[in-house]
Amino acid sequence: MHPMNAFKKLAVRSPWLFRINAGSCNGCDVELVATACIPRFDVERLGCRYCGSPRHADIVLITGPLNLRIRDKVLRVWDEVPEPKVAVAVGICPISGGVFRGGYTIDGPMDRYLPIDVNVPGCPPRPQAILEGVLKAREVWLSRMGA
Amino acid sequence: MELTLSALLHMLLFPGGVFALGAGLLLKGVDRRVQARLQRRVGPPLLQPFLDLAKLAAKETLVPETANRTAFLAAPLIGLTGMAVAAALIPVPGAYSGMPEMGDMLVLFYLLPLPAIALMVGGSASSSPFGALGFSREMGLMLAYEIPLLAVLLAVAMKAGAAVGAGPALSLTVVVGHQMAAGQFGFSPAMLPALAAYLLFLPGTLGVPPFDVPEAESEIVEGPLLEYSGPALGFFHLASALKTMVVLGLGVDMFFPTPLPGGALVNVCWFLAKCLALMLVSLTVARAATGRFRPDQAFTFFLKYPAPLALASLALAWMGF
């Protein structure tokens with residue numbers, strides 16, 4: 001294997017996560033907390049860490065249907081994340097608007113504005129599904145680095 | 001004092017530089033793993049800190065438009081170089097006797113705040129309001145934990161010096177040599193308060209919960225580190241790994257320095273094992289079991305408990321116990 005590719009394979013074993021709440025009802029956010037705080041799911045076993053700053057993030061987890069008021073803030077925070085980065089949409093809201101579909105404040109679906117790489121549908125998705133989404137995002141990240 | 005080749009090698013290879021970095025990162029990996037196990041989680045792989053660094057090396061470094069670019073990018077290097085020099089001053093009993101001609105415990109006392117100062121410089125250069133908040137918290141915390149540290153260093157120096165018959169012995173080489181001849185300070189009743197104070201000082205200086213107020217990620221979004229990304233952030237992590245090694249090594253040298261009979265390699269391993277034990281007691285358990293202090297609680301904590309303990313030891317050592 002090319003040494004550079006081996007290095008990239010090591011690099012993706014440290015995916016740091018950042019949450020963006022784009023108008024979510026908080027249900028998916030609670031499930032994200034479950035992946036971190038409940039021993040059975042423990043997202044840290046994948047080398048993950050929830051970080052407080054978008055500058056430290058590699059994988060961005062976005063919840064919520066993206067309403068009008070928060071759209072520009074979400075796009076601004078997304079721009080703060082250094083390359084290479086991967087976007088994971090958590091829950092059904094970013095895909096279709098979920099229970100908020102058709103609401104006058106809803107500006108979704110999310111991929112009109114953001115390059116979503118992985119969708120984790122569910123209302124809310126199970127923690128196992130979120131962990132699988134993070135693993136899929138890791139593969140996307142690896143291919144984005146060119147390995 | 002001229003900078004000789006051997007001094008440079010001590011800073012770059014052993015016991016500073018490469019050795020201290022590797023050992024410090026490994027200790028941090030063990031720390032994260034044990035902490036996870038204490039909380040009944042699986043935890044990351046042991047080599048996770050190395051993986052994190054590999055990842056950070058592959059990311060881009062963003063500099064905010066309003067930041068002072070030079071100070072922002074130079075700040076992580078201040079902490080890193082300061083700690084590389086400090087690591088070379090720490091004797092590894094039985095394998096390396098330190099560099100008494102390069103600096104004693106007072107020099108260490110001045111070198112130890114460098115990573116914290118680097119954080120403050122970086123945080124204020126980043127032009128982020130959270131950086132400024134982190135600056136003031138880091139400053140307050142530093143002023144609070146330096147007092148017990150100074151008292152502990154003086155107590156150890158006084159005790160070692162009293163036996164020699166001269167004033168306080170500030171050289172770590174003399175401190176280690178005295179304990180190898182006359183028994184370890186960690187088992188001396190008069191020095192137990194100083195040991196307790198040092199164990200309480202460790203999480204404060206390393207910014208570990210419950211004293212992680214300057215970088216509190218859930219209230220001031222990582223404070224001074226907020227705007228750092230990629231390799232620049234990696235340098236802060238390297239400096240932190242080195243500092244972990246330096247303060248743990250200093251603790252071992254001051255309280256439990258006696259080497260094993262055997263070669264240098266055995267004693268390097270023995271030294272690392274003692275550092276690990278010190279870390280598990282003072283850092284890992286505290287981190288796994290506590291939340292975070294309010295800033296004022298964190299500041300007053302050091303003045304309320306470790307400072308009087310260390311001063312008690314200093315008084316006992318001064319009276320000749």
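Helices (H or I, at least four residues) and strands (E, at least two) are DSSP runs, numbered from the N terminus. This is a predicted model, in which local features need pLDDT of at least 70, side-chain atom pairs count only at pLDDT 80 or more, and totals for chains, interfaces and linings use all residues. Residues are numbered from 1 along each chain as its sequence is written, while chains are lettered from A and ligands numbered from 1 in the order in which they are written.

**Exercise 1. Describe the build of chain B.**

Step 1: Count the elements. Chain B has 13 helices and zero strands.

Step 2: Check the overall size. A compact globule of 321 residues would have a radius of gyration near 20 Å, and chain B agrees, with 19 Å. The radius is taken over C-alpha atoms, and the globule rule is 2.2 Å times the number of residues to the power 0.38. Along its principal axes, the C-alpha trace spans about 60 × 45 × 45 Å.

Step 3: Ask how much is covered. Buried residues make up 56% of chain B. H10(B) is mostly covered, with 24 of its 26 residues buried.

**Exercise 2. Locate the largest nonpolar core and explore one of its residues.**

Step 1: Know the term. A nonpolar core is a set of buried Ala, Val, Leu, Ile, Met, Phe, Trp, Tyr and Cys residues joined through C-beta atoms within 7 Å.

Step 2: Find it. The largest core has 105 residues, and Ala155(B), Val152(B) and Leu242(B) are among those with the most contacts inside it. Helix H7 (residues 129-164) of chain B gives the most to this core, with 17 residues.

Step 3: Zoom in. Two residues are in contact if their C-beta atoms, placed from the backbone, lie within 7 Å. Leaving out residues up to four places away in sequence, Ala155(B) touches Met191(B), Ala194(B), Ala310(B), Ser313(B), Leu314(B) and Ala317(B).

Step 4: Spot the second core. This separate one has 34 residues, including Cys28(A) and Tyr50(A).

**Exercise 3. Work out the strand order in the sheet of chain A and pick out its edges.**

Step 1: Five strands form an open, parallel sheet in the order S2-S1-S3-S4-S5. Strands pair if DSSP finds at least two bridges between them.

Step 2: S2 (49-50) and S5 (118-120) of chain A are the edges, each with a single partner strand, so one side of each has no neighbour in the sheet.

Step 3: Follow one bridge. Leu17(A) has Tyr50(A) in S2(A) as its bridge partner.

Methods. Buried ≥ 20, exposed ≤ 12 C-beta atoms within 10 Å, placed from the backbone.
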